[in-house]
Amino acid sequence: MVQNSLIKGTLNPIILRLLSERKRLYGYEITQLVKEISDGKIELTFGALYPILHKLEVDGVVKTESEVINNRNRIYYSLTETGKNTAKERVAELEDFVNTLRVLLKPNFGLEYAIAK
Amino acid sequence: MQSLNNKQIELIISDVEEARITFSHLADELIDHICCEVENEMNFGKNFDEAYDIIKQQTGSRVLQKIQENTHYLIDINYRRMKMTMKITGNISLAILGMATVMKLFHWPFSNILLMLGFAVLCLIFFPSAIYANYKEVKIKSSKILHLSVLIGGILFMVGVLFKVLHLFGAAFFLFSGWMILLFIFLPILLYVKLNESTSMRDKSIVMVGIIGLIIFELSTMFKVFHYKGAAMLMIVGSILLVTIFLPMFTYSKFKEIGKITGQYIYLLITAMFFILLSILLALNVSISVLDVFSNEEINSVKITSYLDQKNNKLYEDFRSKTDSVKVKYEHQVFAIQNRAEMASKLLDSIEIVLVMKSDNVDESTAKNHLKDINTIAGKVTTDNSIMIGERNNGLANLLKQKLSRFKEDLRTATASNQELSNNIENLINTSDVFLDNENQTWEQFMFQDKPTICSITVLKDIEKRVKMVESQTIQYINTLKK
């Protein structure tokens, strides 16, 4: 399990990334996908997920459609046109951040980094 | 792949509805999410009840509400600002009011300004932002009137309390209108909304008893403050409803619902305890003990006065039996003193009657009857400055001061040869101004301003006693003089 404080800032791009891979997803599906892909290391709680999804909807990044499945309403999320660009930007940002982290965490990073330059 | 039947879904829906999730399509999502989780557990061979028990532990009402709150917080910038303002100004106003109270207790300067500042922050910033935040969280029908009425009623009420504490004009108006709005608009609507919300008969009756008990209890506090009849009866009924019926019922249902006592419940219980028990204790204790002090003091004064009356009669007789030469020399002084003392007594008596007539709204003979036992005076805590102080100090207190001054002049002439006695008289009948709270107060203000009727009566009786005392001492002194 990864510490909550580490996951916090990365949820947004993770969700956007998943939405750009699939046409549409619903809340529970997102939590399960994250769990599955990360091999159970990252657990996205529904308490963290829904506020983010709603924020994305209000910002116009994602749109929703409602469908009745198994006698209950299911809300599907998909990226809007502008959302697709936003998703790319946010994912690129995260990748950049992860690369930076990787450099920071290497032993003797300062030396190698200087030589490579 | 297991899927839930309609009945099972309905159970989950009703549980989620209890959390009152109103934001956008959040409720649908939470229901769907919980259903999926339960189905997932059932896929591992559990039956519905077992599966839902496990999931329910992570999806209680409080958790769901917290999700809605977080969503609001993330999306609504106004809501975020209001929450922030609420937190900051709540602390600030509490700190200011706490400081002001301490300063007021010690009679330090600027306490009133600080008190007003604290109330201003409380009324104008904290209270509205708290209500706005709540309004955003609970979106229900007729919630506009509900929130508006508690906002206006609450502000009026708080201003009333402030004015009452500072003895400003209009306190009664603000208190009364605030109370009216809270009691007859806010609480009934709250009752209506809560009744609509609760599903079972048990919940309905709990809400009914709780809110009606609260209305009766608040009504009794209002009656008590304004001295209407029947306050005690209302208070007994209200507190019985709240303490012996509502609280146990509420506890029982909460206990059944959650299976354990939550922090929130304990918080509610403590608040209720402070609110109900302390206000009852305060109302009863203060009024009884304070009244006892007044009535004891008054009874003593009356006793001493009547004793001195007899003694003085005896002294006047003694004087009359003196030799003619002594009588001729002091007769006019003795006569003047007797005359002035009698006038002062009469004036004091009539002031008392006027005060009781005004405060109890009765005729003269009833007022005289009430004065025989001051516990029967109804206007125990009312203050009315119009009689004693009046506008620009032209009230009865000033007249009394003038009469006492003239009386004192006569005494001074008669006792000029005895400095000790003269000083003693000056001390007993002292009508000079007083320096208090860093400001000069006239004798009239010091003795009678903002004093309840019962207190003024006690003060007047005390003055009468003092008049008799100095009269007695002076005549006694004259009797010892020789030609």
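Modeller: Because the model is predicted, local features need pLDDT of at least 70 and side-chain atom pairs 80 or more, while totals for chains, interfaces and linings use all residues. Residues are numbered from 1 along each chain as written, chains are lettered from A in the order written, and side-chain values use heavy atoms, without hydrogens and water.

Colleague: What makes residues 6–18 of chain B a helix, and what span does helix 1 reach?

Modeller: Helices are DSSP runs of H or I with at least four residues, and strands are runs of E with at least two, numbered from the N terminus. Helix 1 of chain B has 13 residues and reaches 18 Å from first to last C-alpha, close to the 18 Å expected; the expected span is 1.5 Å times one less than the number of residues.

Colleague: Which residues of helix 1 of chain B are called buried, and why are they said to line one face?

Modeller: Buried means under 20% relative accessible area, exposed over 50%, and partly exposed in between (1.4 Å probe, protein chains only). Gln8(B), Ile9(B), Ile12(B) and Val16(B) are buried. They fall within an arc of 100° seen down the axis, so they line one face of helix 1 of chain B; the arc is that of the directions from the helix axis to the C-beta atoms. The face turned away from the buried side carries the exposed Lys7(B), Glu10(B) and Glu17(B).

Colleague: How many helices and strands does chain A have?

Modeller: Chain A has six helices and three strands, in the order α-α-β-α-α-β-β-α-α.
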